[in-house]
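Colleague: Please take a close look at one part of this model for me. I would like to hear about the place where the two chains meet.

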Number of protein chains: 2
Amino acid sequence: MNREEIEKKLLKEGSRVVPIRWEDRRLSLLDQRLLPSSETWTTYDDPDKVAHAITSMVVRGAPAIGITAAFGMVLAAFGLKGQPIETFKVNWLVLAKRMLEARPTAVNLRWAVHRLQAIVTSGNYRDVSRLARRLEQEALAIWYEDIMANITMGKHGQALLPAGAGILTHCNAGALATGGYGTALGVLRAAVSAGKGIRIFADETRPWLQGSRLTAWELLQDGIPVTIVIDSAAGYLMRKGDIEAVIVGADRIAANGDVANKIGTYGVAELARANGIPFYVAAPTSTIDLDTPSGETIPVEERAPGEVTSFAGHPVAASGAAALNPVFDITPNDLVTAIITEKGIIRPPYRESLYAILT
Amino acid sequence: MNREEIEKKLLKEGSRVVPIRWEDRRLSLLDQRLLPSSETWTTYDDPDKVAHAITSMVVRGAPAIGITAAFGMVLAAFGLKGQPIETFKVNWLVLAKRMLEARPTAVNLRWAVHRLQAIVTSGNYRDVSRLARRLEQEALAIWYEDIMANITMGKHGQALLPAGAGILTHCNAGALATGGYGTALGVLRAAVSAGKGIRIFADETRPWLQGSRLTAWELLQDGIPVTIVIDSAAGYLMRKGDIEAVIVGADRIAANGDVANKIGTYGVAELARANGIPFYVAAPTSTIDLDTPSGETIPVEERAPGEVTSFAGHPVAASGAAALNPVFDITPNDLVTAIITEKGIIRPPYRESLYAILT
């Protein structure tokens, strides 16, 4: 499938936003730090700059980071293509190592780079130009597979949502967080397409406001209404009876079903359980990491305290106050009602069901 | 007790911040909308402007609102003092009715105005000037009693906190929310004075940022270190073992022990239970309302959506997105480990224990 076909497919599904462009062997990213006030695209031809774009959150969201990293390593390959194959491999692997360090929590970054790395180290290519073109094909495949997985998990997942239900989502697990269409928001798009008449509530998602800046923006781009609430209003809405399901994405799912996702996800899951509301995680199987036995071994990234004590560059907190800024948390598997993947709906016990679906 | 003695007492307890001034029969309020970047005092001589100051959150926090409303009604009395006593009463009661509508959730406002109203309607005063002076004494008594209650509940409450414990608080239940010293923060001040070596974590408390703007500011004024976290990091900290107790204030406590407090309090309480952490509410008995049978009958104020979709006056959310802005929630009594009052520590069953302490 090529880009035109993918975009046609997305439009047919009612999804207009795609955060990544690959044109003339250059990568362009929609700068998500500047949304919704400005739609600015930046073009990259250097893998280290792509890694920096990931670290600095020009692009975010586990699947989108994976796709971006893959294209970053394609740029690396074309940049090194004048070198002999063995030199090429050594240098490419050095750049890959730096790319892998761009962000620690999401597994898709590692998964995508390793997928390209397997081709580089396979020994199947003696011609550097051919190898670079092969890596380009692989990155495009990762991208297109992600979009198709999202559309498929949308169809699976929407069946779980009652007609007319109020649905709460946290952070942005949408088109902007993926190759397109989205994971959790893909399921919501599919429910809207199916005429379910759902009412979508989006946590604003401090400190980065992925909910009010990104989720609201991309849903409104597709004409889907959304109501923003502050993160700490989730419990109030649940007790009031306004929420009938919670659906979020994931940055990594451990072999036992523990879910690493945006900070605050664990709290929403605990509140959902206390209020008898199902808690769904939508993620492609590329987010499931059988090498991670449980959530306890997933590194949780801490970012600069200034993201908490300031806002859009302006200090808001009392001067001299310390701040902690963990940006992910771990939701234990017993709070997860089901995991929605492109291969179907996975239910507990997760250690068995995740293993079965991946092998 | 007069103002100098109160301020000396507060300083002795290590508390420097007092958000209210009453001088030359005029009320001055520290504008809490502008903290921490500016310490601006505004002076009022008109009860309707005081009501507006309460509505627009120049002053906030249940006990501080009560004290402010009382002084507002003293201003009303002095403003009406040229009138015959019966005309005075009618006009004063009209102004009192408007004052009572300034904010709906906190019961202290009603409690304080009713305390003055009882004097006005008692028939004990035929001389309007004498009545006005009597109301002034009553407002000062409400203020000083509040400070003394806070100091006393600090001594009771700090005994509940283990040495070296990490304590989480939500919103601002401090000097700024009261006549001085604070309820939840009063307990923390007392624990610090007692040399407990506690570590204080403050939820930033969106949308108004009472935590990062006010709690952090007033604790730092007293030289007490504090670490700010986003509201949705509370669960992460609890699971990590960083939190050994939660302590918050209250806007109203129903006869069954249900607690109305800043939006997000319920979520923190649910997370505390899930993690086996005690959840304490510190409030003067003026916050307990035996006329409210349960939390279900407490009105929850909804404020403008713009407080959610913008930040410090700057729009941040996607244009066209709706928002909901409930500013309180109800924590059910079964999540409340104990209520700390100036009359001692109240424990379940609350219907019996609250009734016993108030009657």
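Modeller: The area buried between chain A and chain B is about 3,800 Å². Buried area here is the accessible area (1.4 Å probe) that two parts lose on being put together, summed over both. Carbon and sulfur atoms give 71% of the area between these chains. This is a predicted model: local features need pLDDT of at least 70, side-chain atom pairs count only at pLDDT 80 or more, and totals for chains, interfaces and linings use all residues. Residues are numbered from 1 along each chain as its sequence is written, chains are lettered from A and ligands numbered from 1 in the order in which they are written, and side-chain values use heavy atoms, with hydrogens and water left out.

Now the contacts. On chain A, 50 residues are in contact with 50 residues of chain B. Contact means heavy atoms within 4.5 Å.

Polar contacts join 16 residue pairs between chain A and chain B, both residues at pLDDT 80 or more. Such a contact is a pair of N or O atoms within 3.5 Å; within protein, one must be able to donate a hydrogen and the other to accept it, and residues adjacent in sequence count only if both atoms are side-chain atoms. On the side of chain A that touches chain B, helix H8 (210–221), strand E6 (227–229), helix H9 (234–240), helix H10 (265–274), helix H11 (306–309), strand E14 (322–323) and strand E15 (328–331) of chain A each supply at least two residues. Helices (H or I, at least four residues) and strands (E, at least two) are DSSP runs, numbered from the N terminus. That side of chain A divides into 32 nonpolar, 10 polar and eight charged residues. Ala, Val, Leu, Ile, Met, Phe, Trp, Tyr, Cys and Pro count as nonpolar, Asp, Glu, Lys and Arg as charged, and the others, Gly among them, as polar.

Two salt bridges are counted between chain A and chain B. The term requires a side-chain nitrogen of Lys or Arg within 4 Å of a carboxyl oxygen of Asp or Glu. In one salt bridge, the side chains of Arg206(A) and Glu204(B) meet at 2.7 Å, N to O.

E14(A) runs parallel to strand E6 (residues 227–229) of chain B, and the two pair over two bridges. Two strands pair if DSSP finds at least two bridges between them. In E6(B), Ile228(B) stands opposite Ala323(A).
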